[in-house]
Amino acid sequence: MRGWAAVAVIAGFFAGCAPERATPPFSGEPWLAVWAGDADRQSSDFLAVIDADWSSPSYGKVLRTVPVRSRGNEPQALNAEQRNDRRIFATGVLTGRTFVFDGRQPLATKLLHVDEAGPGRTLWAPGEPASLPNGHVAVACADPAHFRGEPRELLAAPGGVLELDENGGFVRELPAADASARAFIVAPRGATASATIGRLVLTSTAHGYAPTATGERAPGISVQVRRLDDLRVEKTVVLSAGPRGEENLAPLAPRALHRDPVAFVDTEQGGALYASDSLQTSTPVFRLVFDFGAGSLPGGAAITPDDRFYVVALGGKNRVASLDVRDPWSPKLVSSVRVGTEGERAGGPHWLAMSADGTRVAVSDYTVDTPSGVRDGDHRVYMLRLDPATGALRLDDAFRDELTGRVGVDFNRAQWAHGDAGPARPAGLLFVSAEPPPAKKR
């Protein structure tokens, strides 16, 4: 399906915004965890915990920071949904580390374990972690160890999947080599585990995230489907281009409906959205269903719990958009809002998280800084509100920086709870709540 055909049409779509409504009583996850990297890589990277309760007098305040005692990790993704055990898995793409935090009590969050990609490991550049039914975590790894990006490596050196246990302990590495993808790049970066479909879905965004990579990242056009029970490869599916000829470039965020066996994949460089309802079959196929437009740079995405609305960050447009996906083969644009401040440095919203009830969306304005590519932003975290009845989005202008009073929590600050570390770059996000108290014995 074609999206916006002209700038005027885009502007018309983007103009709509939900009117102000009375603020309902707060319910949901009271905190937002943000995985951040020290901007000049001289101090420790850290996990920040922000007050996300709009009824709180400290709404938007950074309440806690948890340094990881290492720097230059280039923090990227967190697990997309809160786990029952309140573990938070956070990846560092340049060091190959995956950090595990104990978040049972968010205001007392602590670092529990660090998985190190030591000399014996074959996979580097960890991307998105996905929680498996057995409590383990599958981490998409884009590059093999020591990947440089030479032409002979692009097709012959696949990335793979790192499996960790619930505490972050190493279980195994699973290369993504697959005969059905012999002539295509297989470099897993995005990941989602769907119990409804019974599959782990991995996107091959690009080779070139490893610290040894030279030159620009080489985009993929494939999606790998694995069985959820044993992580065995079922099929590597190649996305077909659309009318523009580039819609299939760099599939990034895979997300699945909660009740129906349908999965979506957005394409970062292609600016499009694909859908599939055949992942349980031996011949899965993805179909192009929406075109966000060239240069839109779709990033993080989420689906509301009732499966009505798909929300995505559009880094190339400095916007977050919502689509009505009740008919997954014909999504319809519902709403779009700009994030970032007019007249300031261009933003680039990329990482995104949705609250469990689907009414709040947090987005961080920063993407990545690796030897093979940099995409910066204004280093703020914004909060959006989503109307569950209409899918309309609005920027929550009550979510303000505690120091400047401006909309969005600014990570360009001198001091943090852990010291005078200076500015940081926010990446992965996760709404969190405290572990429920144990049930009383009768």
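This is a predicted model: local features need pLDDT of at least 70, side-chain atom pairs count only at pLDDT 80 or more; totals for chains, interfaces and linings use all residues.
**Fold.** I started with the secondary structure and got two helices and 33 strands for the chain. Then I checked the radius of gyration: it is 20 Å, close to the 22 Å from the globule rule for 442 residues, so the chain is as compact as a globular protein of that length. I also looked up the box along the principal axes, and the C-alpha atoms fill roughly 55 × 55 × 50 Å.

Among contacts with a separation of 6 or more, 57% come from residues 24 or more positions apart.

**Surface and charge.** The chain exposes about 16,900 Å², and I noted that carbon and sulfur atoms supply 52% of that. I have 48 positive and 52 negative side chains down, with the centres of the two sets 2 Å apart.

**Aromatics.** I found seven aromatic pairs in the structure. I picked out Tyr59 and Phe399, which pair edge-to-face at 5.2 Å centre to centre, with 65° between the planes. Which parts does this pair tie together? Tyr59 sits in the loop between β2 (46-51) and β3 (62-67), and Phe399 in the loop between β31 (393-395) and β32 (409-410), so the pair links parts 340 residues apart in sequence.

I looked up burial for both partners as well. Tyr59 is buried at 9% relative accessible area, and Phe399 is also buried, at 1%.

Last entry: Trp35, Phe99 and Phe101 make up one aromatic cluster.

Terms used
Residues are numbered from 1 along each chain as its sequence is written. Side-chain values use heavy atoms; hydrogens and water are left out. Helices (H or I, at least four residues) and strands (E, at least two) are DSSP runs, numbered from the N terminus. The radius of gyration is taken over C-alpha atoms; the globule rule is 2.2 Å times the number of residues to the power 0.38. Contact means heavy atoms within 4.5 Å. Accessible areas come from the Shrake-Rupley method with a 1.4 Å probe; for residues, only the protein chains shown count as cover. Lys and Arg count as positive and Asp and Glu as negative; His and the chain ends are not counted. The place of a charge is taken as NZ of Lys, CZ of Arg, CG of Asp or CD of Glu. Rings of Phe, Tyr and Trp (its six-membered ring) pair if their centres lie within 6.5 Å; planes under 30 degrees apart count as stacked, over 60 as edge-to-face and the rest as tilted. Buried means under 20% relative accessible area, exposed over 50%, partly exposed in between (1.4 Å probe, protein chains only).
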